Structures are given as structure tokens and as C-alpha cells.
Amino acid sequence: MTTTTTAATKSTAPVLQLDQLTKRYRDHVAVDHLTVDVPAGVVAGFIGPNGAGKTTTMAMLLGLVRPTSGHATVLGESIAHPERYLGGVGALVEGPALWPGLTGIENLELIARLSGGETRTVGDVLEQVGLTGRGQDRFGTYSFGMKQRLAIGAALLGEPRLLVLDEPTNGLDPVGITEMRDLIRALTRADRTILVSSHILSELEQVSDWLLVIDHGHLVYSGDAAGFAARASVEIVLGCRRVASLLPLADIVAAHGLEVGREDDVLIVTPDGRDPDELAEQLNRHAASAGIVLSEVHVRRPTLESSYLELLEGVSR
Amino acid sequence: MMRAYHAELTKLLRRKVLLITAIAAVVFGVGASAIVVNAAEPASTLSRGASRALSIEALADAGGGTQIFRSAIAFAGFFVLVVFVGWTAVEFSRGTMRTMLLRQPRRIQLLAGKVVALLTYAAVTLAGIEVVAWLTARLLAPGAGIDTSAWTGLDALGSAVTDYGAVLLWVTGYALLGTALAVVLRSVTVALAVGIAWFGPFEHIVQNSWSGAGRVFPGLGLEAFAAGGTSDVSVAHAVIVTSIYVVVAAVVACTLFARRDVTA
């Protein structure tokens with residue numbers, strides 16, 4: 001098992017500190033000795049396959065589930081005493097669970113009263129999540145995307161320093177996913193840390209500057225998002241108009257001492273530490289001088305998804 | 001606890017809920033009172049086993065007007081149980097208990113706030129039903145041959161307060177047992193099925209074959225208390241037995257609620 005932790009890009013004290021945190025359900029270990037810190041002020045993407053232990057970890061941090069062993073702190077307080085820190089935390093875990101018979105405003109007022117906070121901020125929160133015009137409608141009449149938004153609004157009451165969002169894009173259509181991504185971006189503030197889990201990695205890639213990756217309850221990566229993406233290899237993609245030209249093209253690439261592979265009707269070249277843009281230009285030139293017309297030349301940079309898949313592949317090996 | 005209490009009132013003090021409660025209270029107060037008044041007979045003609053408290057002579061006493069309320073409300077035991085079971089169990093089924101715990105992690109205070117808020121609402125509703133039942137009985141009693149001249153005055157007021165207190169205590173018993181059942185089972189369907197089966201058929205079937213059942217079971221104890229005692233069970237005994245059940249149920253429910261993972 002590979003565990004990588006890179007240096008924090010933000011030097012402030014960790015908002016979350018997990019130390020050997022473990023949750024066992026009879027024979028099944030949902031979270032296995034998870035040790036990780038999340039610095040303050042980041043948008044931390046929490047990634048892992050279904051059943052990796054993301055929701056269980058979040059539930060333990062929020063005082064909903066008791067750890068079997070290990071401990072953790074949230075905003076500097078032990079998770080054994082959630083009443084000491086939950087006032088500074090807003091959360092959406094396992095979908096939007098609010099009262100269907102109450103209007104959007106009544107739901108938020110109820111949550112505000114339960115938190116011991118002011119109900120006059122309810123209007124601001126509704127505006128923040130884009131539901132100002134629907135505040136008087138019953139929650140039960142909302143679309144799923146609106147329910148997610150209101151639940152995030154409920155999490156925002158009391159100006160939390162830490163937002164924990166578990167799969168906020170789950171069940172949303174493409175438009176809803178884009179709106180949710182924009183909302184998460186809008187919620188980002190210097191004094192706020194956001195921990196957001198999602199299985200749609202391309203969405204997390206656009207909002208996260210910190211990543212936690214777990215698999216089977218184990219931590220496999222923790223660090224800044226840029227560092228994670230850099231782990232996967234850059235590739236040069238070469239395509240010809242005539243498939244028959246691929247073989248002589250592969251010889252040209254091999255002559256440069258580079259590894260080459262085939263993917264459908266294109267060649268994939270690993271730059272092997274060399275500048276990929278410069279190398280792509282060189283290969284294009286050499287192919288042209290050999291009479292091979294390239295129909296496709298581009299550098300394929302790693303995405304969060306490709307890095308993630310490569311990492312999990314390495315872990316399972 | 002006060003935070004949970006005020007939050008719970010947000011759900012209860014809505015126009016729609018208030019309107020439905022008011023209509024239900026009036027319908028129940030009028031209907032049940034009419035049934036009790038019309039069923040009243042002279043003590044000499046009452047069948048064996050019938051409650052002497054509901055004879056024409058007894059109802060003509062100072063407490064007669066509110067005795068009708070106390071007797072009428074006893075029909076609603078199941079309803080009270082269903083309301084309290086459903087009120088709490090639905091929070092688990094919908095996942096809203098999780099939402100509340102994220103804002104009020106002191107679990108016992110949360111549970112206490114919820115129960116006390118609903119009990120407060122029930123207390124106000126009961127007061128309304130008592131007034132409606134008394135007014136209805138006052139209108140109908142002369143037709144049934146019941147003298148109502150003693151129904152006003154300080155003695156009558158004292159009886160009204162005593163009857164109200166007894167009914168509130170009886171509702172509290174059902175409320176705590178129902179809430180405990182909901183917390184332990186965490187499902188509306190299962191909790192209602194178990195609650196109704198236990199307090200309905202089970203206890204009464206056992207009672208039919210064993211006369212001592214009324215001295216042992218909580219539902220029968222609550223029924224005996226509401227009736228002002230039966231030939232088998234005194235009020236004091238009913239209070240003691242029911243209190244033991246309520247305390248044990250509350251301890252079990254609180255312990256489980258405080259310690260269990262909330263995963264739904």
C-alpha cells in the first residue's frame with residue numbers, strides 16, 4: 001500500500017487531524033487506521049471508490065458514528081465531544097434530509113433555532129444558494145437539485161469555519177452538477193475549509209486544491225491537488241491519416257530512444273522526462289521529413305481521473 | 001434542551017397544524033362528550049362492571065362535567081401512542097434525526113426537547129378539549145337527566161384541574177412509552193406495529209385469560225389509571241406499575257440513543 005503525503009501548501013494549523021481512526025462493523029473494516037491532516041482554508045476533495053469509507057469517515061468526524069479505535073480532532077477539539085466544535089461546522093451527509101411539510105424558510109428557521117442561532121440570516125442563506133424565490137414553497141415540492149441546495153443552505157447557517165459535503169452532486173443532472181460546482185466555488189473563503197467528497201472526479205478537479213484519496217478504508221494519498229495530478233505521466237499522442245504509416249512512425253519514435261505504445265489508431269509516446277511540447281514538435285518534424293503526414297499531434301496531460309486510476313492501479317498491484 | 005424545544009415548536013406552530021388540531025379537538029370534544037352523556041344511566045340500572053363514575057348521579061357531582069372529559073379522552077389512548085411513536089420514528093426514517101444531531105449533538109437534550117415540546121402542545125390541546133367537552137356536556141346533560149347545577153363553582157374548578165392533571169399524566173405515560181419504542185426500533189412501520197400489537201390485542205388477550213394482567217402490563221395500567229381505578233387495579237398500583245415501565249423504557253431508550261451510531 002502506497003501512502004503519500006506532500007507538504008501542506010497552506011501553513012495554518014490543521015482543521016482536521018485524524019490519528020489511526022478506525023471503524024469496524026463486525027468483520028468489515030470500513031475505515032482502517034486513517035491518519036491524515038487537512039490544513040485550514042483549503043477545498044479538500046475526498047476521493048475513493050464506493051465503499052472506500054468516505055461517508056463513514058465524515059460521519060465519525062461529525063459525531064454521528066463512534067470510531068472503534070483511534071482518535072481525531074475537528075477545529076482543534078476531540079471528536080469525543082462534538083458539542084464543542086459542531087457549532088463551527090456545517091454539513092450535508094448522505095443526502096438532503098429536511099422536513100417535507102415545512103417550507104424552505106421554515107426548514108432553515110428550525111435548523112437555526114436548533115443551533116441556538118439567529119433566524120434573521122435565513123434570507124441571506126437562501127439568496128446564497130439561489131432559492132430566494134422558492135423560500136415559501138414546501139421542501140417536499142422541490143426538485144432534487146433544489147433540495148441539495150437547501151440542505152447546503154442549512155449547513156451554511158451560523159457561518160461555519162468547516163463545511164463537510166458528502167457527495168453533493170449525487171443524483172443531479174449535468175446542469176445541476178455545474179450549478180453545484182459553481183456554488184461550492186462561491187462558498188470558498190480564506191477562513192473556511194471545505195471537505196467535499198464526490199465520485200465525479202472531474203468536478204472535484206475544478207474546485208479542489210487539496211486531496212484525500214482513500215481505498216478500502218486506507219489512505220493512499222493526501223496532499224495538494226497539483227501534486228497529485230503530477231504523479232501521473234504526460235503522454236504524446238500521434239495519429240496518421242493512413243494507419244499503415246503507424247509502423248514507420250513507431251520506428252521514428254523508437255529511434256529517439258522513447259517508449260511507444262498503440263491505442264486504437266494512434267501511438268502513445270512517453271516523453272521520459274523530456275519536455276513533452278518540444279518533443280512533440282520534434283517528432284512531428286521528423287515524421288514530415290520521412291513523408292508521414294500526421295493527422296493528430298498533442299500532449300495529453302494527466303487529469304485527476306487518470307492520476308486517480310493510475311494510483312488505484314498501483315495500490316491494487 | 002431549550003434549543004430542541006424551540007426548534008420542535010417550529011413544526012408544531014404552523015397554521016395548517018394548528019387548524020387541523022383545532023378541528024380535531026372540537027370534533028373529538030363534542031363527539032366523545034355526547035357519547036358519554038348519552039350513555040349515562042342511573043346507577044341502579046348500570047350493568048355489572050360498568051364504571052360507577054359515569055352514572056347519572058355521579059355525573060351530577062361537582063366534578064361531573066370534567067369527569068366526562070376524563071372518560072372521553074381514555075378512548076384516545078391508541079391515538080396518543082400513534083402520534084408519539086410516529087413523531088419520533090419518522091425522524092429516523094427520513095434521516096432528519098441525523099440533520100438535527102449535526103446541530104444539537106447533545107443527544108439526550110435533543111430527545112428531551114422534542115418530547116417536552118410535543119407534550120406542551122398536547123397539554124394545550126387537552127385543555128382545549130376539556131373546555132369543549134365541558135361545554136358540550138353542559139348543553140346535552142339536561143336532556144340526559146343529569147343535573148349540572150354543581151358543575152360551576154370552586155369545587156368544580158378543583159375537579160377540573162385534578163381531571164386535567166390526571167389526563168396529562170396519562171398522556172405523558174403513553175408519550176414516553178411511545179417515544180421510547182420509536183427510539184429503540186427507529187422505524188415508523190415497525191414501531192407502530194409493535195406498539196399497536198402490544199398495547200392492543202396482546203395485553204387484552206392475556207387479560208382475558210389471566211385476571212392479574214391488569215396489575216402487570218403498562219397499557220392496562222394506563223387504562224386503569226384513566227378510568228380512576230378498576231375492580232382489579234387501584235389508581236396507586238396503576239401509577240406505580242406504569243411509572244416503573246416508563247422509567248425503564250426511558251433509561252433504555254436514552255442509553256441506546258446516546259450510544260448508537262446514526263447511519264441513516
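Student: What makes residues of chain B count as being in contact with chain A?

Tutor: The test is that the C-beta atoms of two residues, placed from the backbone, lie within 7 Å. By it, 21 residues of chain B are in contact with 25 residues of chain A. Keep in mind that this is a predicted model, where local features need pLDDT of at least 70, side-chain atom pairs count only at pLDDT 80 or more, and totals for chains, interfaces and linings use all residues. Residues are numbered from 1 along each chain as its sequence is written, while chains are lettered from A and ligands numbered from 1 in the order in which they are written.

Student: Which elements give two or more residues to the side of chain B that touches chain A?

Tutor: Helix 1 (2-12) and helix 6 (96-103) of chain B. Helix 6 of chain B gives the most, seven residues. Helices here are DSSP runs of H or I with at least four residues, strands are runs of E with at least two, and both are numbered from the N terminus.

Student: What kinds of residues make up that side of chain B?

Tutor: Seven are nonpolar, seven polar and seven charged. Ala, Val, Leu, Ile, Met, Phe, Trp, Tyr, Cys and Pro count as nonpolar, Asp, Glu, Lys and Arg as charged, and the others, Gly among them, as polar.

Student: Why are residues of helix 1 of chain B called buried?

Tutor: Buried means that 20 or more other C-beta atoms lie within 10 Å of a residue's own (12 or fewer is exposed, in between is partly exposed; C-beta atoms are placed from the backbone). R3(B), A4(B), Y5(B), A7(B), E8(B), T10(B) and K11(B) are buried, so each of them reaches that count. Their cover includes helix 2 (104-114) of chain A and helix 7 of chain B.

Student: What makes a nonpolar core?

Tutor: It's a set of buried Ala, Val, Leu, Ile, Met, Phe, Trp, Tyr and Cys residues joined through C-beta atoms within 7 Å. The largest one has 151 residues, and A44(A), L62(A) and V164(A) touch the most other members. Helix 7 (residues 107-140) of chain B supplies the largest share of this core, 13 residues. Leaving aside neighbours within four places in sequence, L62(A) is in contact with P82(A), V89(A), A91(A), V93(A), V164(A) and L102(B). A second, separate core of 10 residues includes L238(A), L249(A), V266(A) and L267(A).

Student: How do you know that strand 12 and strand 14 of chain A pair?

Tutor: Pairing needs at least two DSSP bridges between two strands. Strand 12 (residues 235-240) and strand 14 (residues 266-270) of chain A have four, in the antiparallel sense, and V237(A) stands opposite I268(A) there. They belong to an open antiparallel sheet of four strands, ordered 13-14-12-15 in chain A.

Student: Why is one side of strand 13 and of strand 15 of chain A left without a neighbour in the sheet?

Tutor: Strand 13 (259-263) and strand 15 (294-300) stand at the edges with a single partner strand each, so one side of each lacks a neighbour in the sheet. From one strand to the next, the twist averages 20°.

Student: What is the angle between helix 8 and strand 14 of chain A?

Tutor: About 10°. Axes are lines fitted to C-alpha atoms (for helices, over the stretch in contact), and angles between N-to-C directions run from 0 to 180 degrees. Helix 8 (residues 246-255) lies across strands 12, 13 and 14 of chain A. Helix 9 (residues 276-289) of chain A touches strand 12 and strand 15, making about 165° with strand 15.
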